Amino acid sequence: MRRDRGGFTLIELLISIALMVMILFAITLVFAKTTETVAIQEARTTVYTNARYALDIMENDLMGVLPFDPPPLPIPPAAGAAPPIQPVQAFWMENGYAVAGQLPTNVGGGHEKQSGDIMSFRATTTVADTLQTVQVTYMIIPGNKVLDSAGGMQSGDATHEKTARTERGLFTLIRQVRGPDKTDPRIYNQRCKVREKGSVSEVEVPDQELCHYLISFNLEYLANNLTFSQLDAPGPFPRTDPIGDGKGPNDVGLTALRMQAVRVTMVIVEDIGERQERTIQKVMWIPQG
C-alpha cells in the first residue's frame, strides 16, 4: 500500500521563521521596557526614601536642641574663681550654602548654585551609636563633588553637576557634626569620635551624605507673627549672631528671637534625566524648655 508523507513546504517554513522572529522581537522590546521601568522606579524609591530619612534625622536632631536660655549656675563659684563653662545654644540659619569657606559658583549654562540654605545648632543627639552634645550643621554641596576626610570637597562624578534636560544644578544634602574643642568647650570645631564595638581605639565620625539629586533645599522659620518666613540675605539670625549664645542683639532683653519651628522644603529628582520631580515638605517643632 502507498502511504502519504506529510511535511512543511519551504514557504511555510519561511513564514514560521518570520513570525517567530517578530514574536521574539516583541518580547525583547517588552522585556527591555519593563527592565527600564523597574530601574527608574527603584531609583525614584531610593531617592525619595533617602529624602524622607534625611528629614527624620533632621527632626530628631532638632528635638535635642539645647535650651536657648542657659540654665542657672548650680553653685556660686568661689571668690576670684572663674564661673564654670556651661553649654550654650548657637542656632543660626543663612541663605545659601558654604563648605570649607567656599562660596557658591556658577554651573555650566549660567545657573547659580545658590539653591539651598544652611542651618546649624547645638543639640544632644545621636552620633553613630552614641549620644553626644554636638554642633549639627545641615547644608548642601554640588552634586559633582564629594567630601574628603579633612571636611573639604573633592571632584566627583562630573555628570552629576546639573540635570540633562533643564541644566539645573544638582546637590547633595550633608549632615555635619562637630564636638567641643579641648581647650575651650564653648567652641565646637572638633570631629566627633566614637569607639567601635570590640575595639579599644576611637575613629572619627565622617560627614554624612544624606540625600542626592537635590534641586533645592529651602528653610523657613516660624516668625513672631506665627507665619513662616523666608531667610533674607542676611537672615535675622546669621552665623555672626546666632540665637542663644547670649552675646548679640538676638539675645538682648525682650527683643530676643526664639526659634519655635522650622519648615524644610526639598525639591528632588530621581536622576540626572529628571523624568520626575517631587517636592517634600515637613514642619519641625523645636522644644522650648
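Visitor: What makes Ile 11, Ile 15, Leu 19 and Met 22 a nonpolar patch on the surface?
Guide: Nonpolar side chains (Val, Leu, Ile, Met, Phe, Trp, Tyr) are joined within 5 Å, like charges within 9 Å. Ile 11, Ile 15, Leu 19 and Met 22 form such a patch, with about 430 Å² of accessible area together. Areas come from the Shrake-Rupley method with a 1.4 Å probe. This is a predicted model: local features need pLDDT of at least 70, and side-chain atom pairs 80 or more. Residues are numbered from 1 along each chain, and side-chain values use heavy atoms.

Visitor: Why is Leu 19 called partly exposed?
Guide: Buried means under 20% relative accessible area, exposed over 50%, partly exposed in between. Leu 19 has 48%, so Leu 19 counts as partly exposed.

Visitor: Why is the pair Phe 91 and Phe 121 called stacked?
Guide: Rings pair if their centres lie within 6.5 Å; planes under 30 degrees apart are stacked, over 60 edge-to-face, the rest tilted. Here the centres are 5.5 Å apart and the planes at 20°, so the pair is stacked. Both Phe 91 and Phe 121 are buried.

Visitor: Why is the pair Tyr 221 and Phe 237 edge-to-face?
Guide: The centres are 5.1 Å apart and the planes at 80°, so this pair is edge-to-face. Tyr 221 and Phe 237 are both buried.

Visitor: What lies over the face of Tyr 48?
Guide: Arg 278 does, at 4.1 Å from the ring centre. The rule asks for NZ of Lys or CZ of Arg within 6 Å of the centre and within 35 degrees of the ring normal.

Technical notes
Rings of Phe, Tyr and Trp (its six-membered ring) pair if their centres lie within 6.5 Å; planes under 30 degrees apart count as stacked, over 60 as edge-to-face and the rest as tilted. Buried means under 20% relative accessible area, exposed over 50%, partly exposed in between (1.4 Å probe, protein chains only). Patches are made of residues with over 30% relative accessible area and no salt bridge: like charges are joined within 9 Å, nonpolar side chains (Val, Leu, Ile, Met, Phe, Trp, Tyr) within 5 Å. A salt bridge is a side-chain nitrogen of Lys or Arg within 4 Å of a carboxyl oxygen of Asp or Glu.
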